[in-house]
Amino acid sequence: MAAMLEESDQPSDPVQEIEPRQPRRKGKWSAEEVFYLWHHRNVLTIDELANRLNRAPKAVYEKLKQLVQKGGISDAV
């Protein structure tokens, strides 16, 4: 183990580069997004859903509120 540490020629950088995030999606929700949101609403938190859908947490909350008021989604294809 000590040999492995000594062989390293490059200094270790504790800060890793993070890939730049894509901008959050805005506008109309796709059918797939709505389907995913509705079927994961009781499994994931608003923040987790927002991250997975690349939407703002407030947008996810408002869309869920709208869907609940509407009575959910139709699973008919």
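**Figure 1. Overview of the protein chain.** Of the 77 residues in the protein chain, 21% are buried, where buried means under 20% relative accessible area, exposed over 50% and partly exposed in between, with a 1.4 Å probe and protein chains only. The model is predicted, so local features need pLDDT of at least 70 and side-chain atom pairs count only at pLDDT 80 or more, whereas totals for chains, interfaces and linings use all residues. Residues are numbered from 1 along each chain as its sequence is written, and side-chain values use heavy atoms, with hydrogens and water left out. The protein chain has four helices and zero strands, helices (H or I, at least four residues) and strands (E, at least two) being DSSP runs numbered from the N terminus. Read from the N terminus on, the elements follow the order α-α-α-α. Among contacts (heavy atoms within 4.5 Å) between residues at least 6 apart in sequence, 57% join residues at least 24 apart.

**Figure 2. Close-up of the salt-bridge network of Arg25, Glu33 and Arg55.** These residues are linked in a network of salt bridges, a salt bridge being a side-chain nitrogen of Lys or Arg within 4 Å of a carboxyl oxygen of Asp or Glu. The structure holds three salt bridges. In one of them, the side chains of Glu33 and Arg25 meet with an N to O distance of 3.5 Å; Glu33 is buried, at a relative accessible area of 7%, while Arg25 is partly exposed, at 40%. In another, Arg55 pairs with Glu33, and the closest N and O atoms are 2.9 Å apart. Because Arg55 lies in the loop between helix H3 (46–53) and helix H4 (57–70) and Glu33 in helix H2 (residues 31–39), this pair ties together parts that are 22 residues apart in sequence.

**Figure 3. Close-up of the surroundings of Arg55.** This residue, Arg55, belongs to the loop between H3 and H4 and counts as buried, with a relative accessibility of 1%. Leaving aside residues up to four places away in sequence, Arg55 touches Arg24, Arg25, Lys26, Gly27, Lys28, Trp29, Glu33, Ala50 and Val60.

**Figure 4. Close-up of the pair Glu62 and Lys65 in helix H4.** A salt bridge joins Glu62 to Lys65, with the closest N and O atoms 3.7 Å apart. The two residues are three apart in helix H4, so about one helical turn separates them. Both ends count as partly exposed, Glu62 with a relative accessible area of 33% and Lys65 at 37% relative accessibility.

**Figure 5. Close-up of the contact of H2 with H3.** The axes of H2 and H3, which are lines fitted to C-alpha atoms over the stretch in contact, with angles running from 0 to 180 degrees between N-to-C directions, come within 11 Å and cross at roughly 155°. H2 and H3 are therefore roughly antiparallel to each other, given that angles under 35 degrees count as roughly parallel, over 145 as roughly antiparallel, 65 to 115 as roughly perpendicular and the rest as oblique. Glu33, Tyr36 and Leu37 in H2 meet Leu49, Arg52 and Leu53 in H3. By class, the residues of this contact are four nonpolar, no polar and two charged, with Ala, Val, Leu, Ile, Met, Phe, Trp, Tyr, Cys and Pro counted as nonpolar, Asp, Glu, Lys and Arg as charged, and the others, Gly among them, as polar.

**Figure 6. Close-up of the contact of H3 with H4.** Here the axes of H3 and H4 come within 8 Å and cross at roughly 105°, and the two helices are therefore roughly perpendicular to each other. From H3, Ile46, Asp47, Leu49 and Ala50 meet Pro57, Val60, Tyr61 and Leu64 in H4. The residues of this contact divide into seven nonpolar, no polar and one charged.

**Figure 7. Close-up of the contact of H2 with H4.** H2 packs with H4 at an angle of about 80°, the axes being 11 Å apart, which makes H2 roughly perpendicular to H4. Val34, Leu37 and Trp38 in H2 meet Val60, Lys63, Leu64, Leu67 and Val68 in H4. This contact has seven nonpolar, no polar and one charged residues.

Figure 8. Asn51 is found in helix H3 and counts as partly exposed, at 46% relative accessibility. Although Asn51 and Arg24 are 27 residues apart in sequence, their C-alpha atoms are 9.1 Å apart in space.
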